[in-house]
Amino acid sequence: MMQNSKTTLLCLTLSLSSISSFTLLPANFQNDVAPTSTSTHRALYVDGMGGNGEYAKVDVPPPNEWGIPDSKTLDPFGNTPVEQLENGGRISLIGSGPGDPDLLTVKAFRMLQDPNALVISDRLVSPEILEVVKGEVKVARKLPGCAELAQEEIYWWTHLGLAQGKHVIRLKIGDPFVFGRGGEEILKFRSYGVEANVVPGVSAAFSAPLLANIPVTHRGVANQVVMCTGYGRENTSPDLIQYHKEQTIVFLMAVGRLRELCDRLVRLAGYPKDTPVAIVEKAGCPSQRTVVGNMETIADLSAKHNVQAPSTIVVGAVVNVLLEKDNNKEAVTGLIQNSTQVVYA
């Protein structure tokens, strides 16, 4: 309970101290509510499309604690989704891949070079990818405990950008349709009257293990791969995949609850304690690291080396297939550099 209280306080503190620096305000923004000690809400306005194709100022319902209106109450720009509004406003949903700009698709790279685009980025998109962007960039504040507020922030920024006739690029880590709320966002954009252009990205589920020299399948070792998320709806734990010797499981967005995950896999899903586990941190970036252990040791190793998101977790015998062996022909463990050289255990 104490942890949740701290997280809520963090979100609220961010909202009060930095809302003006994070929020894209339209030219006709007005603040009709003077700040007081008891009220932090501001009256927000957004240009909405009138029936004659022109833009008229419309009131926005009361905002949340970040000063952002509920996305469900924002007026659509039309009844039927179109690829481009009459004012030129449009949306592209782009996957940025694991983090290396060289792994962007050519189409994604070309779009990010547009100096007139408004790029609304996930927090975990790498700095190297953001350096490619030529236009304006806004980064969502999806800190732990703030996911829903940050998602509303994303929808608000998108609505404002469309109202201003901008090409809004929603930039997501990995592939937008692999545990990235991509489908949810498409439905939301349709409710605004806009059909987004989707540009696939290289999912970390496959690229991160590859970049760490871990094959997710290998003859005689693993003949099936399962992708999972570490978090279900409402921050719950997802259903467990039962143990199968020749199966690889790749977990995305799970490093924050690694210890709990490993414990549940051993107790409830039949995984042996010596099942190999690898964590690939910041795959494709100059700071990429790989930590290797097993169900019993990986959580302590992760804590020891302060592994952070974005990280991809690989579970199964494939973890050790290409790793160097020690004098006892055992796979190396600990923090690995370039997947084959031990830095320190």
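What follows is a short report on a predicted model.

## The parallel sheet

Five strands form an open sheet in the order E5-E4-E6-E3-E7, and their pairing is parallel. Strand E5 (136-139) and strand E7 (197-199) stand at the edges with a single partner strand each, so one side of each of them has no neighbour in the sheet. On average, and with direction ignored, neighbouring strands of this sheet are turned by 20° against each other.

The pairing of strand E3 (residues 90-95) with E7 is parallel and runs over three bridges, and Ser-92 stands opposite Asn-197 in E7.

## Helices on the sheet

Helix H4 (residues 147-163) packs on the sheet, where it touches E3, strand E4 (118-121), E5 and strand E6 (167-172), and the direction of H4 makes about 170° with that of E4. Helix H5 (residues 182-191), for its part, lies across E3, E6 and E7 and runs at about 180° to E3.

Strand E10 (residues 276-281) is mostly covered, with six of its six residues buried. From E10, Pro-276, Ala-278 and Val-280 point one way, while Val-277, Ile-279 and Glu-281 point the other way, and all are buried.

E10 pairs in the antiparallel sense with strand E11 (residues 289-294) over six bridges, and Glu-281 stands opposite Arg-289 in E11. With strand E12 (residues 311-315), E10 also pairs in the antiparallel sense, here over five bridges, and Val-280 stands opposite Thr-312 in E12.

Note on methods:
Residues are numbered from 1 along each chain as its sequence is written. This is a predicted model: local features need pLDDT of at least 70, side-chain atom pairs count only at pLDDT 80 or more; totals for chains, interfaces and linings use all residues. Side-chain values use heavy atoms; hydrogens and water are left out. Two strands pair if DSSP finds at least two bridges between them. Helices (H or I, at least four residues) and strands (E, at least two) are DSSP runs, numbered from the N terminus. Axes are lines fitted to C-alpha atoms, for helices over the stretch in contact, and angles run from 0 to 180 degrees between N-to-C directions. Contact means heavy atoms within 4.5 Å. Buried means under 20% relative accessible area, exposed over 50%, partly exposed in between (1.4 Å probe, protein chains only).
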